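Thanks for coming. I will take a few minutes on one structure, and I will start with a question once it is up on the screen.

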Amino acid sequence: MIRQAAQSDATEIAEIYNHYISNTTITFEEIPLSGQEMAGRIADTETEGLPWLVAESDGQVVGYAYASKWKGRCAYRYSAEVTVYLAQESTGKGLGATLYEALFRELKERSYHVVMGGIALPNPASIALHEKLGMTQVAHFKEVGFKFDQWIDVGYWQKSLADP
């Protein structure tokens, strides 16, 4: 079941995200978040008029996807950056694509034109997900992140929501 996130989901969302903070270079954050901090992020996203969705299974949050503004200048107002994270036991089952498809529909209904997704490289699974959804690589930034004593590249994938 895909639905809008609620403030009461914040602790479960933080638990999912904290795995990636503590164990991977997928996110460049280095300090795990509390449920209260995540609740603030959800509220900020909603205040911006952007969607934050969760996937729920047996009453538990197993993944989430949200959009954030792509830069602050007015002319960027129809572009959004998209993000998806899944609980470890929920990866590889198509849930990331399902969440992204729902997120893209929400953004299109809100008159967004383009979505971008940033990927810490290498990450073949995330690249495959983004390309499965029709996103194409438009940028590759070398050694822009530093985590776990290593330099990390970031690529950006983009899709027009006007495309099928």
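Is Arg-41 buried or partly exposed? Arg-41 counts as partly exposed, because its relative accessibility is 31%. By the cut-offs used here, buried means under 20% relative accessible area, exposed means over 50%, and partly exposed is in between, with a 1.4 Å probe and protein chains only.

Before going on, the basis. This is a predicted model: local features need pLDDT of at least 70, side-chain atom pairs count only at pLDDT 80 or more, and totals for chains, interfaces and linings use all residues. Residues are numbered from 1 along each chain as its sequence is written, and side-chain values use heavy atoms, with hydrogens and water left out.

Back to Arg-41. Its partner in a salt bridge is Glu-29, with the closest N and O atoms 2.7 Å apart. Arg-41 sits in helix 2 (residues 35-47) and Glu-29 in the loop between helix 1 (10-23) and helix 2, so the pair ties together parts that are 12 residues apart in sequence. Glu-29 is also partly exposed, at 23% relative accessibility.

Two terms need their rules. A salt bridge is a side-chain nitrogen of Lys or Arg within 4 Å of a carboxyl oxygen of Asp or Glu. Helices (H or I, at least four residues) and strands (E, at least two) are DSSP runs, numbered from the N terminus.

How many salt bridges does a search of the whole structure find? The search finds 5. Among the others is a network that links Arg-3, Asp-9 and Glu-56. Arg-3 pairs with Asp-9 at 2.8 Å between the closest N and O atoms. Arg-3 also meets Glu-56, at 2.9 Å from N to O. Asp-9 is buried, at 3%, while Arg-3 is partly exposed at 21% and Glu-56 is partly exposed at 22%.

Last, helix 3. It has 15 residues, 95-109, and should span 21 Å at 1.5 Å a residue; its end C-alpha atoms are 21 Å apart, which agrees. The expected span is 1.5 Å times one less than the number of residues. Buried residues of helix 3 include Leu-95, Tyr-100, Phe-104 and Leu-107. After helix 3 comes Ser-111, with a positive phi near 70 degrees.
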